[in-house]
Amino acid sequence: MGEEESPQITRRTTRASSSNPNLNSAAETVLHNCNSQPLTHNDLVYGDEPISFDDLICSFPGRRIQILELLQLLGPLNSPVIPLFIYGGACRGKTSTVLQIFRHLNRPFVYSSCLTCYSPRILFESILNQLLLHRKHEGNGYSSAKRCERPSEFVNLLREALGNIINSLKGNMGKSNSKKLVGQAKGQIIYLIFDNLELVRDWEKSSNILPFLFMLYDIMKMPEVGLIFISNTSPDTYYFNTGYTEPVPLYFPEYTEDDLRQILMRNQCNPKLYSSFLDVLLRPFSRITRRVDELSTAFPALYKKYCEPLSDLGIFPNEKMKRMLFSHLQPHIAPSLNEIFRVEAGHNKDKAKGKGNARKAGVSEASDEELCKIGGAEGNCRTRVTNEGTWNFPIGKVISHISVSHIC
């Protein structure tokens, strides 16, 4: 490690470091210095350096249309924007796309997820902490800058915090006209991003909080503030007869099979070998799910099994070798499908109640009839309950329709 580099110290210490007073003292010093450095408005941008438009497009296969539309909705620098509502099923790249767009634009924003901010107080204080440039640490007892529980308190504190940040951004623009600084926030509009909005409906006071969040744009009446809502469910599921400015919806559709291939092919050591692996598995698996997280969980173990007969993983497989690899992998595909896509019986009943809402949101749900069609003849489709109380969909018949000719 060079003299100019700082040691990477984490909050978790090993037994060796905790027993060594010198190492322990060094760790405390580094943590104290990191926490004592004041935050600035430039900490409200994403990353140290912005990315180019080409890199942005290449990072998200199948999302070019959504990226262009979102850039158009955000508009030029310092353009007022009405609230945006970005929605689509889980794992469709909504959050990642939004954050990387802000990295490309290098504009300041505040991000809060309703998954980690699981109550109104935590959500309000998370937003205020970021706007007030407050960092929780041991020195302040990991406390928030302001304690805020009621929406009325939040509005007053939010207006004050936004005013200070906006004035700081305006002053920053005047100083940076002659010199461009890397990582410096651009513009004088700040965006509030609310992610996983559908989870608010499970909160104790959701009937009050959700209308309040949607009315926040009209309550604040500040053109320097933009609101972006991200949800797994459609705007129809949030209808309130309260007369707020309706957000502009932007839908993220399900990935196509070609999109999934491009995503899964990234960062592969042997693209040709992995492509031959996807030729076998991607189509049957994508009939069951097109969620990247589920496919990314299922494929590594299967790919390892697929490569077992090979002594050299850098080889380019020919047609004969593809047939051999497929024959070796085929017995393991159906068990993997049954294992990966196991759904709890109780969860199935709950989802059946909200099936209408899920269909509005564009969330893909496979009914028993659809599973039968996927698996082959309807009479051969069965569902069984295990001792653990889970439903297993025996979708091995999908694999029975795959012949060796499919990989040639």
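Phenylalanine 109 stands opposite tyrosine 191 in strand 3, and that pair is a handy way into this predicted model. Local features are taken at pLDDT of at least 70 and side-chain atom pairs at pLDDT 80 or more, while totals for chains, interfaces and linings use all residues. Residues are numbered from 1 along each chain as its sequence is written, and side-chain values use heavy atoms, with hydrogens and water left out. The protein has 16 helices and 8 strands (DSSP runs numbered from the N terminus: H or I of at least four residues for helices, E of at least two for strands).

**The sheet**

- Strand 2 and strand 3 (residues 190–195) run parallel and are joined by 5 bridges; two strands count as paired if DSSP finds at least two bridges between them.
- They belong to an open sheet of 5 strands, ordered 2-3-4-1-5 with parallel pairing.
- Strand 2 (109–113) and strand 5 (248–251) sit at the edges with a single partner strand each, so one side of each has no neighbour in the sheet.
- On average, neighbouring strands are turned by 20° against each other, direction ignored.
- Helix 8 (residues 206–220) packs on this sheet, touching strand 1 (84–87), strand 3 and strand 4 (225–231); its direction makes about 160° with that of strand 4. Contact here means heavy atoms within 4.5 Å.

**Helix 10 against helix 11**

- The axes of helix 10 (residues 271–288) and helix 11 (residues 292–306) come within 11 Å and cross at roughly 130°. Axes are lines fitted to C-alpha atoms, for helices over the stretch in contact, and angles run from 0 to 180 degrees between N-to-C directions.
- The two helices are therefore oblique to each other (under 35 degrees is roughly parallel, over 145 roughly antiparallel, 65 to 115 roughly perpendicular, and the rest oblique).
- Residues making the contact include Leu273, Tyr274, Ser276 and Phe277 of helix 10, and Leu295, Ala298 and Phe299 of helix 11.

**Burial and positive phi**

- Of the 408 residues, 41% count as buried (under 20% relative accessible area; exposed is over 50%, partly exposed in between, with a 1.4 Å probe and protein chains only).
- Leucine 133, in the loop between helix 6 (120–131) and helix 7 (151–175), has a positive phi near 55° without being a glycine. Leucine 133 is partly exposed, at 25% relative accessible area.
- Asparagine 267 also isn't a glycine, yet its phi is positive at about 60°. Asparagine 267 lies in the loop between helix 9 (257–265) and helix 10 and is exposed, at 81%.
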